[in-house]
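This report covers the contacts that one chain makes with two of its neighbours. The sequence and structure come first, followed by each interface in turn.

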Number of protein chains: 4
Amino acid sequence: MIRLAVIGAGLMGADHARIIAEELPGAALQVVCDRDATRAKAVAEAWGTEAASDPEAVIARKDVDAVIVASPDFTHAPLSMACIRAGKKVLCEKPLSQSPLECRDVMEAEESSGGRQVMLGFMRRFDQAYVEMKAALDQGRLGRALMMHNFHRNVATPAADFTGAMAITNSAPHEFDVVRHVLGCEYTAISAFQPRRSDALVAPVVMVLETSSGQLVNIEINNNAAYGYDVRAELVGEAGSIAMNQLAYTSADHAMAQARAYEADWRGRYAEAYRRQNRAFLSFVATGVFPASGSSSWDGYAAAVVAEAGVRALKTGQRQPITMIAKPEFYK
Amino acid sequence: MIRLAVIGAGLMGADHARIIAEELPGAALQVVCDRDATRAKAVAEAWGTEAASDPEAVIARKDVDAVIVASPDFTHAPLSMACIRAGKKVLCEKPLSQSPLECRDVMEAEESSGGRQVMLGFMRRFDQAYVEMKAALDQGRLGRALMMHNFHRNVATPAADFTGAMAITNSAPHEFDVVRHVLGCEYTAISAFQPRRSDALVAPVVMVLETSSGQLVNIEINNNAAYGYDVRAELVGEAGSIAMNQLAYTSADHAMAQARAYEADWRGRYAEAYRRQNRAFLSFVATGVFPASGSSSWDGYAAAVVAEAGVRALKTGQRQPITMIAKPEFYK
Amino acid sequence: MIRLAVIGAGLMGADHARIIAEELPGAALQVVCDRDATRAKAVAEAWGTEAASDPEAVIARKDVDAVIVASPDFTHAPLSMACIRAGKKVLCEKPLSQSPLECRDVMEAEESSGGRQVMLGFMRRFDQAYVEMKAALDQGRLGRALMMHNFHRNVATPAADFTGAMAITNSAPHEFDVVRHVLGCEYTAISAFQPRRSDALVAPVVMVLETSSGQLVNIEINNNAAYGYDVRAELVGEAGSIAMNQLAYTSADHAMAQARAYEADWRGRYAEAYRRQNRAFLSFVATGVFPASGSSSWDGYAAAVVAEAGVRALKTGQRQPITMIAKPEFYK
Amino acid sequence: MIRLAVIGAGLMGADHARIIAEELPGAALQVVCDRDATRAKAVAEAWGTEAASDPEAVIARKDVDAVIVASPDFTHAPLSMACIRAGKKVLCEKPLSQSPLECRDVMEAEESSGGRQVMLGFMRRFDQAYVEMKAALDQGRLGRALMMHNFHRNVATPAADFTGAMAITNSAPHEFDVVRHVLGCEYTAISAFQPRRSDALVAPVVMVLETSSGQLVNIEINNNAAYGYDVRAELVGEAGSIAMNQLAYTSADHAMAQARAYEADWRGRYAEAYRRQNRAFLSFVATGVFPASGSSSWDGYAAAVVAEAGVRALKTGQRQPITMIAKPEFYK
C-alpha cells in the first residue's frame, strides 16, 4: 500500500483525494494538507483521513511515501523541490512553474538527486482520444503529420479579471503539452491573435505554432464560450485525418431538435484520464520507472517556454521564436 | 415541352404545381384542377396558369399530355382509370386505392390498354438514402439481407380522429413500398401491436412483417411523435448494416447542448426525391419506358394488400398471412 | 478492507479479479476459485493472491467477507444459496437461474435469512446511458413512456451451436432487465420472430414485449452481427425520445470515408458500469443497504420468467402471456 | 423563357448546361460556346442545342438574353465587360479577376451602364448551411460573432504544379467571400502560414484574417487532403456557436467500423446551392432586381484584394494589411 499525501484541498486537490479513495487500489490517502486548515479538514473528513496545514512537514513525514501537489500554482516548483530533497516522488499539477528558469531549477535538482522524481499532471496524455490520435500517427495510418487544430472552451472564466495572457499561461499549457506529446516534436515559433468582444469578458486567443518538424498547430483558447465545456482536436496528416468526437452517452429528441448535453467542466470528460494518470504515478512510485506517457520536469519547462513566448506574441502582435535549451540526456 | 395537368390543389397538389414550375424543365403546368374552384384558382394563379374544376374534362383535354393526380385518396383509382381510357400517362399519388380489388381493376384496365400508363407517387424510392441502401445490398457489401427497421414519425396527426388503422392505411404504405423495393421481395405475414397513450391521441403502431425471402421488417408508425418529423431506416445484412442518417445542415452549440433541428414535415426531407421522381415521370411520358425505380399499379396493389392485412392484424391481435395474386407478366 | 472471493476464473471472473485489483479501493482480492485449478492459479497469480478449487469451502472461509460468483450459469443459484447459508453477501453474475422455480428457491432462502444477501450482475443499470434515459423519463422530460427499442449485436456467437433459444436465455436477459429497470414495470406478453440466414449461424431474434403499463418493448438479439459489438437503445415517450449514442473517442478520415471504430466485445463499453456496480456491491456489503439501482433475486426471477416465455413464443410462433407471482413485500 | 448562353464547356460550364437543361424551368440553353469547338459541340449535343466558338459573337446574338461565363479565369473580366457593353446580364464564375484593378474596371463599366449587370458565381452564399449560419447570427441566437473557422479540403490538386499562392488565389476566394457575406464585414489584415510536406505536393495554407468588426477568421486550404472532398465551417459567437455538419445520407456498419462516405468533388455537396443561385440569376434577368444573397462585382473586387494580400503574406511571412477603396454607393 502506497501512502499518499495530497497537498492543496481546492477543487483539484479534493478530486485527487476522491480518486485515491474511490478509484485507486494500492494507494492510501494518508493526509490532506492545505494552508487553510478548514478546507483541509473538510476534505480529510470526507474520506476519513488526517488533515494538516504545513506542506513541508507533510512532505517530511515518515508515513508518507509520495506526494500529490495541487496547491496554488506558485507553490508547485518549491513543493516539488521539497519532495526531491525528501527523496519522495511527486505528481505535481500543471504548471510546474510559469518561469522557465524556475523549471530549470527543478530539473537540476532532480538530475542531482540521481533519478526521476517529478511527474506532471498533464493528464490529457492519458485520455483515450489523444491516445488514439497518437497511435494512428505512430502506426502510419495518417501519413506524416501536417497540422493539429485544437479548441479549448470553458463556460466562463473562474475570475472576472482573467486576461488573454492568462488564457495562454493557465489554459493553453494543456494544449501545448498534449500536442508536443502526440506529434513528438518541439515548437519553434508562435503567433497570437485575439478578436474583440463587445463586453468586458476576456476574448478568445487564437495561436498558430510552428514545430521543429515543420508542422502547424492552431490553438483556440475560449474561456468564455458560454455554451459548455468543450475540447476539440484534430490531427491532419498527409494521408488522412483523425479527430476527437464530442462524447455524450445519449441524445434527446425534443421540441423540434435533437440535442446532446455539454458538461459544465472537465471532470467528467477527463475522469478516465485522471484515473489512468494516477495509476501510472503509483506504478512510478512502486517501480521507479518513469511512465511511458508521463509528463516530466522537462515537459513542464517546455510548456513554460512556449507560454512565455505566447504572451510575448500576444502583447507585441509579432510572431515570436521559441528557444529552448538542449534536452538534457537525463530526460531522454 | 410536356403539358401537365395537376388534379387536386391541396398541400400535395400545390407542391406538384410548384415543382413543375420551379424545378422541372421540359414540363409546362397547363392546368390546375380542383372540385373546389377557389383552391384551384389560388394555385393556378400562383404559377400563371389556368384553373379548372372538372377532372374528367381536364383529363380529356387535347392540350394536356399527361396528368398528376393529387386529389383525395378515394378518387385516385377512378381518375387513374380515366387517364388510362384517355391514353394519357398518369403519376398518381399514393395510395392507388385502399381496396386491393380496385387496384386489380386498374391493373386490368392498364394491361388491356396495351402498355404501362400508371406510375405511383411512392417518391421514397428516389430518395438518396434508400438508393444507397439498395445499392449496398445489391453490390453485396452487406451480405444477404436479414432485417429492416423502419421508423416513421410525424409531429402530430392531420386530424384529431386519426386511428391506428389509418396509421396503417395512410402512413405505413410509404414504408411497405420502399422496403419491398429495397429488398426486392414480397410480404407473407404481418403482426401489429400498439402501446397505450395516456391521452386521446392515436398511439404508435408497431408492425413485424415477414417476407418471402425470410426477412423480418419492423415498422413503427408514430403519428404523434411530438418532437419533429423524423423518418429512420436501417437495413441489416449478414455481413453488415446500413442506416439512414438524420440530415441537418448545421448543429448549434447553445445553453449547454449541441442541437440539430428537425423539420416540421416531409417536404424539405424529400424535396430531391420528388424532383427525381417527377423527372422520371417526364421521361416515362416522353419515351414510354417505365422508370427502373418507378412504382407501378402492381406496387399499389401490393401496398393495399399489406395494409388490409395490417389493419386485420391490429384489430384481431393475431398474426395475419398476406396473400397476393401471382404477379402478372405485364408487370415484370 | 472488504475481503472478496471470486468464484469462476473464466473471462468474466478474470475481469472481476482485475476490477478489484485495479479499480476498487476498499476491497481485497482474497482468493480466486475455479474447478479448473490451472485457470484459478493463472488469475490468482496475476494479482498476487491465492487460488482455490472448491467453491463451497471458499464461501465458508472466515477470511472471506463477501463473494462474487462468475462460474458457469448452472452453478449460480446453488452458489448463491451457499452464500446465503454462510451469511455472506454475493454479487452473482446473470442469470440467477434459467429456471423461475430455482430463482424462487433463492428468493425464499434469502427472505428466510432475514435480510438482503443477493445482488445480480445486471451491470447495465449502472451504465450512464441508461441512467440518463431513466432520469429523462423520471423527470418528465419525455412525457409518459410508450416504447423502447433495443438492439444487441455481437460480432459472433461464442459457440457454433448457439441457438435462437440461447439468444433469448443468454443474451436477451440484459435487455429484459434494464428495460424493466428504466420503465419501472413488468412484462405481460411476448412475441418472438426470426428471419432466416443463408448459412448455419444462428439468425437474429426479434421480440415484441408488452408491459403492465401498456408499453411496447422491441428487442433485437443479433449474435452474429459480424461488423462489431454494438448495443443500441431508444426510449420513446409521448413528448419526446432519448437514445443511446455510439461511443467512440475519435473519428478517422481516410480513403473517402469517415469512420468510427466498433469494439470487439462489451468490456470497453461497460467498463465504467462494472466499476460503479462493484462499488455499489461493496457499499452493500459494508452497510447492508441494498443499492438503489441494484438488481435483486426478484429481478433474476423476472428475467427467468420472461426468457422462458420468450423461448416458448419462438418455438410456438405464438404470442405468450407472461405470468409472475406477486412481488413479495421483502423485495419492495 | 429566358435564353441563356453558356461560355466555356469545361467541367463547370458543362455543369451549368446540365443545370439549365435539367433543373431550371423558364430558361432555355440557347448555345454552348468554347474556343475548343469539339468541347462545345459535345456539351451542346448532350442537351440538343447549338454550339459556338466565338464568345464575343455569342454575347452579341439577338436570341441570347443573358450569359453564364465559365471559361478560363483570365477571360472572366473581359467577357463580363463584353456582356455589360451588350446590355446583357451575366453570371460570371469566380474569380471576377485576380487583379483588383481589373475588377475596378468592371465595376466602373457596370456603374456607367446605369444598372447592375454582373452576378458572380460564389454559390456558397446559397448553400443551406451558410444560410443557417447567417440566420442564426442575424437573429441574435449566437450573440455577436467572434470567429469563424473554415476548412477547405480537396482530394488532390487539379495540376501537379499547383502552388500555395494558387491555393490562396484559386481555392480560398470561396471562403473569403462566404465569410464576408455571413459576417457582413470587410477584412483588415491577413497572416499566412504553411506546414512542410514530405513530398512534392503543395502543402496546406493556414490563414488568419482580421475584420473591421474585430473578428478573427481562420482558413485552412488543404488541396491535397487525400481522404475526400470536405468543407467545414464554424461560426463562434459570444453566446454560442454554429457549425456545418458533414452531410451523408447513410452510414454503413462493416468490418469493425461505422463509416460515412466522402464525395470526390464539390458537385454533389453544392448541387442545391447551384440550383438556387442560378434560379436567383434568372430572377435577376427577369426583374432587374439584384438578388439579396447575390455576389456582385464589388464582392469580386473584395475577394481579389484579399487574395492578393494573402499571397503577399505567404511570401513575406509577415502579417499584411488589407486596404480597399471605399464601397461605391452603387453597390450598397
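Arg153(B) and Glu234(C) form a salt bridge through their side chains, with 2.8 Å from N to O. The model is a predicted one, and the rule finds four salt bridges across this interface of chain C and chain B. It also finds 12 residue pairs in polar contact there, with both residues at pLDDT 80 or more.

## Extent of the C and B interface

About 2,700 Å² is buried between the two chains, and 59% of that lies on carbon and sulfur atoms. Within chain C, the residues that lose the most area to chain B are Phe193(C), Arg196(C) and Glu238(C), which together account for 21% of what that side buries.

## Extent of the C and D interface

The contact between chain C and chain D involves 18 residues of each. The two chains bury about 1,200 Å² between them, with 53% of this area on carbon and sulfur atoms. Tyr227(C), Met256(C) and Gln258(C) supply 48% of the area that chain C buries against chain D, more than any other three residues.

Two salt bridges are found by the rule across the interface of chain C and chain D. In one of the pairs, Arg232(C) meets Asp253(D), and the closest N and O atoms are 2.9 Å apart.

Strands E13 (250-254) and E14 (257-261) of chain C each supply at least two residues of the side that touches chain D. E14(C) gives the most, with five residues. This side of chain C has 10 nonpolar, four polar and four charged residues.

## Strand pairing across C and D

Which strand of chain D pairs with E14(C)? The partner is E14(D), residues 257-261, and the two strands run in the antiparallel sense over five bridges. Within this pairing, Ala257(C) has Ala261(D) as its bridge partner in E14(D).

Key:
Residues are numbered from 1 along each chain as its sequence is written. Chains are lettered from A and ligands numbered from 1 in the order in which they are written. This is a predicted model: local features need pLDDT of at least 70, side-chain atom pairs count only at pLDDT 80 or more; totals for chains, interfaces and linings use all residues. Side-chain values use heavy atoms; hydrogens and water are left out. Contact means heavy atoms within 4.5 Å. Buried area is the accessible area (1.4 Å probe) that two parts lose on being put together, summed over both. Helices (H or I, at least four residues) and strands (E, at least two) are DSSP runs, numbered from the N terminus. Ala, Val, Leu, Ile, Met, Phe, Trp, Tyr, Cys and Pro count as nonpolar, Asp, Glu, Lys and Arg as charged, and the others, Gly among them, as polar. Two strands pair if DSSP finds at least two bridges between them. A polar contact is a pair of N or O atoms within 3.5 Å; within protein, one must be able to donate a hydrogen and the other to accept it, and residues adjacent in sequence count only if both atoms are side-chain atoms.
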